[in-house]
Amino acid sequence: MTIKLMKLPIIIFSTLGLLTLISAIFPQFLTPYHPDEIDVTALLQKPSWSHPFGCDELGTDVLARIIYGTRLELMVCLGSVALASIFGIPCGLVAGYFGGKIDWILTVIADSILSFPIILFAVLIVASLGASVLTLVGVLAFAFIPRIFRLIRGQTQIISSLGYVRSAEAMGVKTVKILFLHILPNTIGPLMVIVPQLMAIAVLIEAGLSFIGLGIQPPQISWGSLLLVSKNYYVAAPWYPLAVGGVTTLAAAVLVFSGDLAGAAVNPLRRLK
Amino acid sequence: MSEIILDIKKISVIFNKMFFGRSQTIKAIDNVSLQIFNSETFGIVGESGSGKSTLGNAMIGLQTLSSGEIFYKEIALPLSGTKDWMRLRRQLQIIFQDPFTSLNPRRTIGQSLAEPIITHNLCSKNDVTSKVLSLLDQVGLNSNMAERYPNAFSGGQLQRICIARALAVQPQLIICDEITSALDVSTQAQIISLLKDLKLNQDLSLVFISHDLGLVRNIADRILVMYLGRIVEIGSSDIIFSDPKHPYTQALINAAPIPEPSREAARIKTPLFGEIPDPQNPPSGCFFRTRCNQVHDRCLIETPALKQVKKNQFVSCHHTEVH
Amino acid sequence: MRKLAPYFRFLVILWVVVTVVFVSLRLTPGDPALLLLGPTAGRQDTAERLADIRERYGLNRPIIIQYGIYLSDIVTADLGKSNRSERRVSELVKTAAPVTISLILLSMLLAIPISIYLGLTAAQKRERPYDRSVRTLATLAMATPSFWVGLLLVNFFSIRLGLLPPSGYIKLFVDPIGYFSHMMLPVVTLALYLIGTLTRFVYTETADTLEQDYIRVSRAMGISSKRILFQFVARNSLTPMIIIVGVEVGTLIGGAVIVEEVFGLPGLGRLLLNAVLGRDYPVVQGTVLSITVVVILLNILAEFVYKLLNPRSKI
């Protein structure tokens, strides 16, 4: 019984994850419509069986636009987290393992980046470099590096004091091997907790920045750019913004929930965090 | 006496901890000198906070010294990264207290045991597996255990695996840092007898660190008693147990139960009173004076030096001169 | 001296932040002088004014000197002039700041009591429907884009029901009722996110504390569970909230930027966005810098208060 209850959310989340992946790679399998198809007879059409979320100002199927927007959304999420990991993980390992001056310096840099509110930092950088997908991924990655760094650093500090690391040291195992063979694999659990949370932040920041015109720009389709376009139709076609915002909220919430779930699996005593 | 393999010369270890913006200094080891001989078992006894584990780590070069030197057969223990470091890693090994965190949970037992063999190129690649199996056999474990992960084992089995891993490089000296304190009593006995057997089979010195006097008496040839980072008494096991000179050693031995009901009942119990002092603010003079039942004025001012009282017994106490 | 070490850390953090802002301008493709001059470039006296700017910021001199001038400007609180209105940036920030500060303070006032209550009660009724729904709603509140909620609220309360003004701002001292009716929706919008995060935080802390032995003992002694919850548990699980609220100030300012845009509030966010769109570089720099410095100072304050309340902490 308990196993069934534990497995249910995992089944739901993996189905949603699969759906997201298909939307990103083969969107044509999920919708018969094309996201740029203009249909003057269907302008702002109400939801119906053929258009479950209705049509937008150009008569395009809203669901199709949401599905086709997934690709860029996923690229931003995964790209920023991956980029942040490439820098954050090695720095965290080094700082946590060696301690001392290098730890102090890296920690101060990380704290400095953390003290920039992400949106403000994004505004500053976009003002300099201009709005593009690449800038967005870069800004998010930059903001995520200290978050991954702090996690890995803390984990490394704990693991470094454990017997298996100390024995490896006493055996003369090379430091690089100790870091990547003994310490890194044992930080995966907590990393799996923070990654979906960061992806949720990425979805929300993407939406926010696109809304103020500093994120992904139309005609490129992302959920943020759709939210920006749909903001003019809250009165005339409320299902349009509702559908786009609802999907965005659902995606972010599912990501946060799956982080919680991973957290419960890593540390059964703690349900949240 | 046989050959000296480890010569510890006046070492001190000082920890500087930043706590709440204030720095605190703790002298974990205070001016300790001693020698370890070839194929002996050397026991180190003390309460928690006495610096015995730090001393164990220092002995094999895992702890940076604040002052003093340690020589392994004329080679000064080098810092990690130097050429001698790798050579010494084959000679000096350590086993830790908690068997559950001593093996990487994400690697199989076989992988963990193969690591020292591969690191030091102890045999050709094809022979690694057979070497791992013979190690498991040596500590009395089944060969089918090599495929499993640490979570499949009990504490006693894990500790055997840790012993096998330490033996893999065929070291001269193994530090056993409280290796039985996480185990239940029956398992403790098995581990101790395993260590004794292993010692009979090879040319090996053991340093056995424990807070359990009974265990140490059972296994050690010589014993060191530590208190707040200083040597209290050091000497051969028989002499120390039959005729302890330092009031602290006397109290420890008195506190240990005797596994014989009639003698246990007759035992004069003079328990230690008080708590071990705060290592940041140790008492002046003799560190033990706050709990000693024979204090006089001199103990408040002067730190007692380590003096020989018998052929194989050294004590640091002002009272020993009276004897 | 050792006592000052943590504050030295904050000084270094401040320095890094200030330097990043400096570097961001140099990263921008194009002539920094033209950027600082802004869209008025092309006027008759352009060449002369460009020369002035170059002289003022040392743009013809080595980068180190430029950096030195920049640092000394910051130390003397001289953030330059807007290249559109010729007004001083510090003056613009001073006019806009009260709007943002009151927006954030009001949402905190609204969010903190609600989340404490929800978090504490949910943790007590663990794994029951009440607990599950509180946690689900909290997570949803956290995961909702704030501008979307804002626009939904405007659509409903202002356009459908006509109860509240859809946008704009009236000063508190001019017309208190007008002030609150204009602030109501933005505050609710911003508070929603905060309620989500804080409720989840209070819940986790409380659930942990409730598992502690001393709480079990008090329960075994027959002390009423309400008293245990609101006296013993609350004290323990709420102190760390000071730190979290300090950290969240940064996120809230980010949220405020967007909420101000939605509701047309003339705060720092509006100032910043208009400056970005108008390529008013001195204002962008000055606003980001002053907000970030305030956020850092608030975090220091939060840590300081936390240490006062919890002297055993190691943070």
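Me: Reading along the sequence, what pattern does chain A follow?
Reply: In this predicted model, chain A runs α-α-α-α-α-α-α-α-α-α along its sequence, and its secondary structure comes to 10 helices and zero strands.

Me: And what does chain A span along its principal axes?
Reply: The C-alpha trace of chain A spans about 75 × 55 × 30 Å along those axes. Of the 273 residues in chain A, buried ones make up 53%, and among the contacts in chain A with a separation of 6 or more, 65% are accounted for by residues 24 or more positions apart.

Me: How does the model score, and what about chain C?
Reply: The model scores ipTM 0.83 and pTM 0.85, while chain C averages a pLDDT of 81, with 94% of the residues scoring at least 70.

Me: OK, interfaces. How many residues are in contact between chain A and chain C?
Reply: There are 39 residues of chain A in contact with 42 residues of chain C. On the chain A side, the elements that give two or more residues are α3 (100-114), α4 (118-129), α8 (188-211) and α10 (239-266).

Me: Which of those gives the most?
Reply: That is α4(A), which gives nine residues to the side of chain A that touches chain C. The residues on this side divide into 27 nonpolar, seven polar and five charged.

Me: Then how many residues of chain B are in contact with chain A?
Reply: Chain B has 20 residues in contact with 14 residues of chain A. The chain B elements giving two or more residues to that side are α2 (83-89), β6 (92-95) and α3 (109-119), and the residues of that side divide into 10 nonpolar, five polar and five charged.

Me: Switching to the largest nonpolar core, which residues touch the most other members?
Reply: Those are Ala122(A), Val123(A), Leu140(A), Val203(A) and Val207(B), in a core of 250 residues. Helix α2 (residues 62-98) of chain A contributes the largest share of this core, with 16 residues.

Me: What is Val203(A) in contact with, leaving aside its neighbours within four places in sequence?
Reply: With those neighbours set aside, Val203(A) is in contact with Glu73(A), Cys77(A), Thr248(A), Ala251(A), Ala252(A) and Leu255(A).

Me: Now α6 of chain C, how far does that helix reach?
Reply: Helix α6 (residues 129-143) of chain C has 15 residues and reaches 21 Å from its first C-alpha to its last, which is close to the 21 Å expected at 1.5 Å a residue.

Me: Which of its residues are buried, and what do they pack against?
Reply: The buried residues in α6(C) are Val134(C), Arg135(C), Ala138(C), Thr139(C), Ala141(C), Met142(C) and Ala143(C). The buried residues of α6(C) pack against α8 and α10 of chain A, together with α5 (89-124) and α8 (176-210) of chain C.

Me: Last one, which residues of α9 in chain B are buried, and what covers them?
Reply: In helix α9 (residues 247-255) of chain B, the buried residues are Pro247(B), Tyr248(B), Thr249(B), Ala251(B) and Leu252(B). What covers the buried residues of α9(B) includes β3 (41-45), α7 (213-219), β9 (222-227), β10 (230-236) and α8 (237-242) of chain B.

Conventions:
Residues numbered from 1 in each chain as written. Chains lettered and ligands numbered in written order. Predicted model: local features only at pLDDT ≥ 70, side-chain atom pairs only at ≥ 80, totals over all residues. Contact = placed C-beta atoms within 7 Å. Helix = DSSP H or I, 4+ residues; strand = E, 2+ residues; numbered from the N terminus. Nonpolar A, V, L, I, M, F, W, Y, C, P; charged D, E, K, R; others polar. Core = buried A, V, L, I, M, F, W, Y, C linked by C-beta atoms within 7 Å. Buried ≥ 20, exposed ≤ 12 C-beta atoms within 10 Å, placed from the backbone. Expected span 1.5 Å × (residues − 1). pLDDT = per-residue confidence, 0-100.
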